[in-house]
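User: Hi! I am new to protein structures and would like to go through this one step by step. Could you help me read it?

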Amino acid sequence: MVVGVTLLGSGGGGDTGAFGRMLRRRLGAGELVLRDAGDVTGVSVSPIGVVGATSVLMEKLPGGGEFDAAVRAVSRWTGTEVTGLMSLEAGGLNGLTPLIAALDLGLPVVDADLMGRALPRLDQFSWAVAGRSLTPCALSEPSGQVIVVDNVDAAGLERAVRSFVAHTGGWAVLALAPTPVEAAAADAVQGSLSRALALGRAHAGLEPGATPAAVADGLGGRLLGTGRVEEVARHLIGDGGAAFGRGSVCVVDAGSRAVIRIETENEYLLALVDGTPVVTTPDLLCVLDRRTLQPIAVDAIRSGDEVLVLALPGPAWWRRPDRIIHVGPQAFGLACAPQLLEAS
């Protein structure tokens, strides 16, 4: 599961290793069932996850009380008890967050999320893109402080979240309003967590020494190239609180000598081969270590790494023209039309 949500992170979504260990400890010898939205009725689902700086999060992991505090707060404010959970985003550590929270709170998990992968902004939640409000919602931070945010749009919620985490512990648990499962899933990416599990199992089933083509085929993706990372460039865009990281990674293919350039922000966003765009977000770009086949995050890749560059199909939910404008390359300031793998 950890490898699967990491692949759905497309190089972002935060470090999943620590959350994987938390999940293993919580799970013990037990089990947790992912519930299909169509198989549960009468459940009020709260999408839940972690927001803020994941680097700080790794220094102070959730104790578990943050989940309970956020869920209780949003239940009190809305007058509706949360009786189920789903993920805010399936990519990265937030693919594991609702599983940990569900074990702590004794609630079922619906196999759906609001992104189907990792994306950086709250206005890129499928609920927001579908025109649904993200408020009321509750934020809970490690020291116990809880706030409820209501009557703001997605941009206003983003500002509220940034202000809250900047003055507390650097991160917080976000719980959205409890919503009937049928309505919650209607504007969500369904089956995302089971896809992560399937990807992880496929990855675990790769033969030692598998060829790059076999790796791509085993994961259901397309091989873009295999070679050495020749250059990693990183810089900041904007200033002050609006600054964010942007970068590029150049890989020279060992066979064809083609230059693969990957444009990055929090995730891998765009791959060009010899200057021609070949794959973009919302499809998934994954860079794997050539020896271990483990995914390498945007902030961990270094010059000299021997890698495989793969593309996996992104969530089908985003392929509609009115939706892809929110998550395609132009949504990140890249002057390129979306380049997507053929739908299977």
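This is a predicted model: local features need pLDDT of at least 70, side-chain atom pairs count only at pLDDT 80 or more; totals for chains, interfaces and linings use all residues.

User: Into which domains is the chain divided?

Analyst: Residues are numbered from 1 along each chain as its sequence is written, and side-chain values use heavy atoms, leaving out hydrogens and water. Domain bounds come from an automatic or database domain assignment. The chain is divided into domain 1 (1-192) and domain 2 (212-332).

User: How many residues of domain 2 are in contact with domain 1?

Analyst: Contact means heavy atoms within 4.5 Å. On the side of domain 1, 24 residues take part, and they meet residues of domain 2 numbering 26.

User: What area is buried between domain 1 and domain 2?

Analyst: Buried area is the accessible area (1.4 Å probe) that two parts lose on being put together, summed over both. Carbon and sulfur atoms give 65% of it here, and the total is about 1800 Å².

User: How many salt bridges does the rule find across the interface of domain 1 and domain 2?

Analyst: The rule looks for a side-chain nitrogen of Lys or Arg within 4 Å of a carboxyl oxygen of Asp or Glu. Across this interface, the number of salt bridges found is 0.

User: What radius of gyration does the chain have?

Analyst: This value is taken over C-alpha atoms, and the globule rule is 2.2 Å times the number of residues to the power 0.38. For 344 residues, a compact globule would come near 20 Å, which agrees with the chain's 19 Å.

User: How many helices and strands does the chain have?

Analyst: Helices (H or I, at least four residues) and strands (E, at least two) are DSSP runs, numbered from the N terminus. The chain comes to 11 helices and 16 strands.
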